[in-house]
Amino acid sequence: MVKLTLIARVTDGLPLAEGLDDSRDLKDAEFYKQQVKALFKNLSRGQNEASRMSIETGPYIFHYIIEGRVCYLTMCDRAYPKKLAFQYLEDLKNEFERVNGAQIETAARPYAFIKFDTFIQKTKKLYQDTRTQRNIAKLNDELYEVHQIMTRNVQEVLGVGEKLDQVSEMSSRLTSESRIYADKARDLNRQCW
């Protein structure tokens, strides 16, 4: 289950939007928000090698995506599927860039795009239950995609195996033909003397 969502500018760690939760169901909400702000500060110092990352923190996991100098972060229960968390962040990213893309760099105050909370809340509701038909379909699509990639990889490995067999066969033929050539060359050499 998605517990917390924040969007920040990576260059300076400025929070741009937050999914305003009623934090009654989240014990130590302020503690986790402080962790997120510390993470944003670290990211603003250039400590952001990965564009997608998951970080464990107590009973929760922070998942984040960095794109276009903006970090989209959510905190979920450990049991919440990672694929759904990143799909949730992708949906937020696409809409945030579409609606606020031109103003991101010029935002001067924290939470300048707080109105984006309504979209965060609507999207969060769609992703709350991992068993909904929509979310199961997304997971199945991801699994199908992984299945296709694995099938392609296995076929490539089998193709490489066949090519190796052909190369081995050609090498054996070349070895036997080179012996025949060496024998004939020796015979010709003897005949010349």
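F96 is buried, because its relative accessibility is 0%. Buried means under 20% relative accessible area, exposed means over 50%, and partly exposed is in between, with a 1.4 Å probe and protein chains only. Y72 also counts as buried, at 0% relative accessibility.

A word on the model. It is predicted: local features need pLDDT of at least 70, side-chain atom pairs count only at pLDDT 80 or more, and totals for chains, interfaces and linings use all residues. Residues are numbered from 1 along each chain as its sequence is written, and side-chain values use heavy atoms, with hydrogens and water left out.

Now the rings. The structure holds seven aromatic pairs. Y72 and F96 form one of them, and this pair is edge-to-face. The centres are 6.0 Å apart, with 80 degrees between the planes. What do the terms mean? Rings of Phe, Tyr and Trp (its six-membered ring) pair if their centres lie within 6.5 Å. Planes under 30 degrees apart count as stacked, over 60 as edge-to-face, and the rest as tilted.

Where do Y72 and F96 sit? Y72 is in strand β5, residues 70–77, and F96 is in helix α2, residues 82–100, so the pair ties together parts that are 24 residues apart in sequence. Helices (H or I, at least four residues) and strands (E, at least two) are DSSP runs, numbered from the N terminus.

Next pair. Y88 and Y127 are edge-to-face, 5.5 Å centre to centre, with 65 degrees between the planes. Y88 lies in helix α2 and Y127 in helix α3, residues 117–128.

Ring pairs link Y72, F96, F113, F116 and F119. Let us turn to the two helices.

How do α2 and α3 pack? Their angle is about 155 degrees, and their axes are 11 Å apart. That makes α2 roughly antiparallel to α3. Axes are lines fitted to C-alpha atoms, for helices over the stretch in contact, and angles run from 0 to 180 degrees between N-to-C directions. Angles under 35 degrees count as roughly parallel, over 145 as roughly antiparallel, 65 to 115 as roughly perpendicular, and the rest as oblique.

Which residues meet? On α2, they include L84, Y88 and L92. On α3, they include F119, I120 and Y127. Contact means heavy atoms within 4.5 Å.

Stay on α2 for one more residue. E90 lies in this helix. E90 counts as buried, at 18% relative accessibility. Leaving aside neighbours within four places in sequence, E90 is in contact with R52 and I65.

Now the strands. Strand β1 covers residues 2–9, and eight of its eight residues are buried, so β1 is largely enclosed by the rest of the structure. Seven bridges join β1 to β5, and the two run antiparallel. Two strands pair if DSSP finds at least two bridges between them. L6 stands opposite L73 in β5.

β1 has another partner, strand β2, residues 15–18. Three bridges join them, again antiparallel. Here A8 stands opposite P15. β1 and β2 form a hairpin with five residues between them. In the turn, G13 has a positive phi of about 75 degrees.

Last, the whole chain. There are four helices and five strands. Along the sequence, the pattern is β-β-α-β-β-β-α-α-α. Buried residues make up 33% of the 193 residues.
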